[in-house]
Amino acid sequence: MVELTVCIGTSCHLRGATKVIKTFQHLITSNKLEKNISLKGAFCMGQCSGKKVRVSVNSNVFETSPEEAEGFFLKEVLNTAG
Ligand code: FES
């Protein structure tokens with residue numbers, strides 16, 4: 001099970017966290033990955049970049065944006081989900 005967490009703190013929210021979550025939800029559902037990936041929101045991870053949205057995959061922290069969310073998912077999340 002992959003723990004996919006999107007920061008919904010103020011800074012990340014302003015950078016499009018809601019759109020990132022919607023993209024991830026769509027990709028999880030359309031790829032039938034509900035049993036492999038647990039998608040959660042988190043309050044500020046203490047690593048606001050001011051430019052992008054903080055996302056963690058298991059314990060690894062990354063940053064992404066609404067535009068990059070699908071590519072990020074395919075590269076970092078699907079690889080981890082196997
Ligand atoms: S608001 Fe997302 S890391 Fe601070």
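## The loop between α2 and β2

Lys32 lies in the loop between α2 and β2. Helices here are DSSP runs of H or I with at least four residues, strands are runs of E with at least two, and both are numbered from the N terminus. Lys32 is not a glycine, yet its phi is positive, at about 55°. Most residues other than glycine have a negative phi. Lys32 counts as exposed because its relative accessibility is 67%. Exposed means over 50% relative accessible area, buried means under 20%, and partly exposed is in between (1.4 Å probe, protein chains only).

This is a predicted model, in which local features need pLDDT of at least 70 and side-chain atom pairs count only at pLDDT 80 or more, while totals for chains, interfaces and linings use all residues. Residues are numbered from 1 along each chain as its sequence is written, and side-chain values use heavy atoms, with hydrogens and water left out.

Asn58 is found in the loop between β3 and β4. Its phi is near 50°, a positive value in a residue other than glycine. Asn58 is partly exposed, with a relative accessible area of 37%.

## Overall fold

The protein has three helices and four strands. Along the sequence they follow the pattern β-α-α-β-β-β-α. The radius of gyration is 11 Å, close to the 12 Å that the globule rule gives for 82 residues, so the protein is as compact as a globular protein of that length. That radius is taken over C-alpha atoms, and the rule is 2.2 Å times the number of residues to the power 0.38. The C-alpha atoms fill a box of roughly 30 × 25 × 20 Å along the principal axes.

Buried residues make up 37% of the 82 residues. Take the contacts (heavy atoms within 4.5 Å) with a separation of 6 or more: residues 24 or more positions apart account for 67% of them.

## Nonpolar core

The largest nonpolar core has 20 residues. Such a core is a set of buried Ala, Val, Leu, Ile, Met, Phe, Trp, Tyr and Cys residues joined through side-chain atoms within 4.5 Å. Leu4, Val6, Phe24, Ile37, Val55, Phe73 and Val77 have the most contacts inside this core. β1, α2 (17-30), β3 (53-57) and α3 (69-81) each supply at least two of its residues. α2 gives the most, with six. In soluble globular proteins, nonpolar side chains tend to be buried together.

Val55 is in contact with Leu4, Thr5, Val6, Val20, Phe24, Met45, Asn60, Val61, Phe62, Thr64 and Phe72, leaving aside neighbours within four places in sequence. In α3, the buried residues are Ala69, Phe72, Phe73 and Val77. They pack against β1, α2, β2 (37-42), β3 and β4 (60-64).

## Strand β1

Thr5 is found in strand β1 (residues 2-7). At 13% relative accessibility, Thr5 counts as buried. Beyond residues up to four places away in sequence, Thr5 touches Lys40, Gly41, Ala42, Met45, Arg54, Val55 and Ser56.

Cys7 also lies in β1. This residue is buried, with a relative accessible area of 2%. Outside four places in sequence, the contacts of Cys7 are Cys12, Ala17, Ala42, Phe43, Cys44, Met45, Val53 and Arg54. Cys7 and Glu63 are 56 residues apart along the chain, but their C-alpha atoms are separated by 9.7 Å.

Ser11 is found in helix α1 (residues 10-14). Its relative accessible area is 17%, so Ser11 is buried. Leaving aside neighbours within four places in sequence, Ser11 is in contact with Cys48 and Gly50.

Lys22 is in helix α2. Lys22 counts as exposed, at 57% relative accessibility.

## Surface and charge

The protein exposes about 4800 Å², by the Shrake-Rupley method with a 1.4 Å probe. Carbon and sulfur atoms supply 51% of that area. There are 10 positive and 7 negative charges, and their mean positions are 4 Å apart. Lys and Arg count as positive, Asp and Glu as negative; His and the chain ends are not counted. Each charge is placed at NZ of Lys, CZ of Arg, CG of Asp or CD of Glu.
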